[in-house]
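Visitor: I have not seen this structure before. Please show it to me, and then I will ask about it.

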Amino acid sequence: MADSASEFSLVSSTSSSSTSSSASSTRAPLGGCAGGGSMSCAAVRDLLFWRDVRKSAVAFGASLVLLLSLATLSAVTVVAHVALALLSVTISLRVYKAVVQALQKSDEGHPFRTYLELDVTLSPETFQAHAAVVAQHLNRALRLLVRLFLVEDLVDSLELALTMWLMTYVGAVFNGITLLILGNILAFTLPPLYEKYEVQINHYVSLVRHQTKDLVGKIQAKLPGLAKKKSE
């Protein structure tokens, strides 16, 4: 009996560990950082969650200044001013180093030699990998648009119509660049708040989802024509 009990405990612990590991492995792709772009996704996540305050502050400030500039100036003017500012810094540093080397009679070389020797080329394998990811997202979006606009499911199409109707009022108040500015601010403020109040937010979101699901279920029960197709 003792041997059987020990075997049972060993099997149960093994199954529980395998279950937890499989659950964690299934949760990993949900973060959007699976596949070849995991490093870039992790970098973006670190920026949005302010893992490094200095880097996140620089990214947030630079993106906000760029969007505010685009809101007041044309895109050509913004690009020209950014290029001029960058060239002013690099040319000034290049001339300064050349003068210092001439006065000191030293041969330190080009001040940007390290950056000039960096390999910034895009390999065909990397390009194909990114192109495959983009094609996958495009195909998924096209299938979704076809399903919604050709009314495969009436409830989903009505939800899209309601969303687009609400967006007409949003577009009457905000233009595209204003929405981008608001999206940029929310992108850098909501993730830290969600991480801090994750339990409370998930609780209220689950309540809203359950209520919405119950409401849709009642509507579908009264109108059989709106019932979703059962998955095979």
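Visitor: Which cluster do ring pairs form with Trp-50?

Guide: This is a predicted model, in which local features need pLDDT of at least 70 and side-chain atom pairs count only at pLDDT 80 or more, while totals for chains, interfaces and linings use all residues. Residues are numbered from 1 along each chain as its sequence is written, and side-chain values use heavy atoms, with hydrogens and water left out. Rings of Phe, Tyr and Trp (its six-membered ring) pair if their centres lie within 6.5 Å; planes under 30 degrees apart count as stacked, over 60 as edge-to-face and the rest as tilted. Ring pairs of this kind link into one cluster Trp-50, Phe-60 and Phe-188.

Visitor: How many residues apart in sequence are the parts that Trp-50 and Phe-188 tie together?

Guide: The whole structure holds four aromatic pairs. One of them, Trp-50 with Phe-188, is edge-to-face, at 6.2 Å centre to centre and 80° between the planes. Helices (H or I, at least four residues) are DSSP runs, numbered from the N terminus. Trp-50 sits in the loop between helix 2 (38-48) and helix 3 (53-72) and Phe-188 in helix 8 (residues 176-196), so the separation of the parts they tie together, in residues along the sequence, is 138.

Visitor: Is the pair of Phe-60 and Phe-188 stacked or tilted?

Guide: Phe-60 lies in helix 3 and Phe-188 in helix 8. Their centres are 5.1 Å apart, with 50° between the planes, and the pair is tilted.

Visitor: Is Phe-188 buried or exposed?

Guide: Buried means under 20% relative accessible area, exposed over 50%, and partly exposed in between (1.4 Å probe, protein chains only). Trp-50, at 26%, counts as partly exposed. Phe-188 has a relative accessibility of 9%, so it counts as buried.

Visitor: How do helix 3 and helix 8 run relative to each other, roughly parallel or roughly antiparallel?

Guide: Their axes come within 9 Å and cross at roughly 170°. Axes are lines fitted to C-alpha atoms, for helices over the stretch in contact, and angles run from 0 to 180 degrees between N-to-C directions. Angles under 35 degrees count as roughly parallel, over 145 as roughly antiparallel, 65 to 115 as roughly perpendicular and the rest as oblique. Helix 3 and helix 8 are therefore roughly antiparallel.

Visitor: Where does Asp-153 lie?

Guide: Asp-153 is buried, with a relative accessible area of 9%. A polar atom of its side chain lies 3.1 Å from the backbone nitrogen of Asp-156. As for its place in the chain, Asp-153 is in the loop between helix 6 (124-149) and helix 7 (154-173).

Note on methods:
Helix = DSSP H or I, 4+ residues; strand = E, 2+ residues; numbered from the N terminus. Polar contact = N/O pair within 3.5 Å; in protein donor to acceptor, adjacent residues only side chain to side chain.
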